[in-house]
Each structure stands twice: as structure tokens, then as C-alpha cells.
Amino acid sequence: MFTQSSLASLMAIWLKTAYWWRYIHFSFPVAIGLAISFNISNNFFLVGFILFAVLYWSVFLTQVPYYPLQKGVCESVTTLLPNQERLKVIDIGSGLGGFCMKFVNLRPGSIVHGIEIAPLPWLISYLRGRVAASPAKFTLGNYHQLDFAEFDIVFAYLSPAVTLDLWQKASKEMRPKTLLVSHEFPIPNIQPTQSFGATKHGKITYVYAMR
Ligand SMILES: C[S@@+](CC[C@H](N)C(=O)[O-])C[C@H]1O[C@@H](n2cnc3c(N)ncnc32)[C@H](O)[C@@H]1O
């Protein structure tokens, strides 16, 4: 088992994958060995697989997994927005729906949408919205299929893997003076119009006013 772990880690180093893969490859054969020795039922792994599949879905393609937005970000975003009555806002990758539901409470009258590609987070956001009778609307889908021209604010909490692609889509489709807001991940080589540290973890939110 130790030989297999070491070989897998060495291959990860040789293939120049991100550094954490060498630890994952090392621990995998060990984990399999332990699981076999504990005689765990196969159903346990099947349930685990299904749960992770509906939670993370096409993360191997999108490279954006689910992780929650920190407290306070939505509040900070709403304070810097224009006092326009009916802002049309979308959270692309809306996860469990926290940002959208908070936004619509803080800025009643806004039209707030969330779009989420993974079925489980989307279902949870949909049910949360129904239970709370929230006017926020949640759609299961891929934000690439949206036309950003429909929105005054596009909020994104995604990953560095997609920021450039997001910028290209936003600059092609968004109307002048509308805002692209990217939490934690700045657009490389583009100067934000404004940025602020919203969380106690010091994560910065970047605001880009479109031209
Ligand atoms: C970091 S989480 C965002 C959390 C969320 N905004 C919140 O308020 O907690 C990123 C989410 O984006 C989703 N996602 C990734 N690529 C997507 C795509 N192309 N279209 C829609 N959702 C996507 C992921 O499934 C994940 O749930």
C-alpha cells in the first residue's frame, strides 16, 4: 500500500499537477485499505457518491465547486449600489441561495435571480425560497446560457479558473454603467472600479463598472 501511495504521489509531482494532488494521491490507497479492513457496506460508498455527485455535479468541467459565501458580503454589496428602485440582479452560481434571499430583503423591490448548475444546491435554494416566501427566483442551469444584458448587477463568487472567461462574457454583453461584482477573485489585469474587504477573513470584493 505504501509503495502504491508513494508511486501515485511521485507521478503527481512528475506530471506537475497542483501540489495538493500529491497528498490526495498518497492518502487514497491508504483510505481504500482502511475501508476494506473495516468491512464497510458498499451502500455507504454508493450513497456518498450520489451525494457528492448532486452537490458538485459538473465541477470537473466548470472548476467551480460549491462553498458558502461568508457573512456580511451581501450587506456590503448593497450599500454601494445606486438607489435605483428596481435593480435587476443575478447571482451566477447561487449555491444554497443565501446571497439572493438576503439581497431581496435588504433591497425590496429589486428583481433578484439566482442560477445554479448543481442539482442539490439548486433544490435547497428553491425550497428555501418557497418556505420563506422569498421573491428571489432560482433556476437550475448554466450561466453561460444567460444574456448578461438583462441585468444591472451580476454577482459572482466562482473561482480563479473562470474569471477571464467571465470578464469576456461580461464585457461583451453587459450594458454601460452596469456592475460586475466578483467576490474574492479579481479579474486578472483589469483595474476594479472599487474594491472592499467585506469579511472578517479579509476576503475582498471587486466591483467593475462596465463601459
Ligand atoms: C462558491 S459557490 C457560490 C455560493 C453562493 N453564491 C452563495 O451565496 O453561497 C459557486 C457555485 O457556482 C456553481 N457554478 C459553477 N459553475 C456554474 C455555471 N457555469 N453555471 C451556474 N452555476 C455554476 C457551483 O455549482 C457552486 O454552487
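I count two residues as in contact if their C-beta atoms, placed from the backbone, lie within 7 Å. I note that this is a predicted model, in which local features need pLDDT of at least 70 and side-chain atom pairs count only at pLDDT 80 or more, while totals for chains, interfaces and linings use all residues. Residues are numbered from 1 along each chain as its sequence is written.

**Domains.** I looked up the division of the chain and found domain 1 (2–62) and domain 2 (73–209), with bounds from an automatic or database domain assignment. Their centres, taken over C-alpha atoms, are separated by 33 Å. Six residues of domain 1 are in contact with five of domain 2. On the domain 1 side, helix 3 (residues 42–56) gives the largest share, three residues; helices (H or I, at least four residues) and strands (E, at least two) are DSSP runs, numbered from the N terminus.

**Helix 1 and helix 2.** I then turned to helix 1 (residues 2–14) and helix 2 (residues 20–38), which pack at about 160° with axes 8 Å apart, the axes being lines fitted to C-alpha atoms over the stretch in contact and the angles running from 0 to 180 degrees between N-to-C directions. The two helices are therefore roughly antiparallel (over 145 degrees; under 35 is roughly parallel, 65 to 115 roughly perpendicular, the rest oblique). Among the contact residues I list Ala8 and Ala12 of helix 1, and Trp21, Phe26 and Pro29 of helix 2.

**Ligand.** I found 24 residues around the ligand, of which Val64, Tyr66, Gly93, Gly95 and Phe99 come nearest; a residue is near if its C-beta atom, placed from the backbone, lies within 6 Å. Strand 1 (88–92), helix 6 (98–106) and strand 2 (111–116) each supply at least two residues of this shell.
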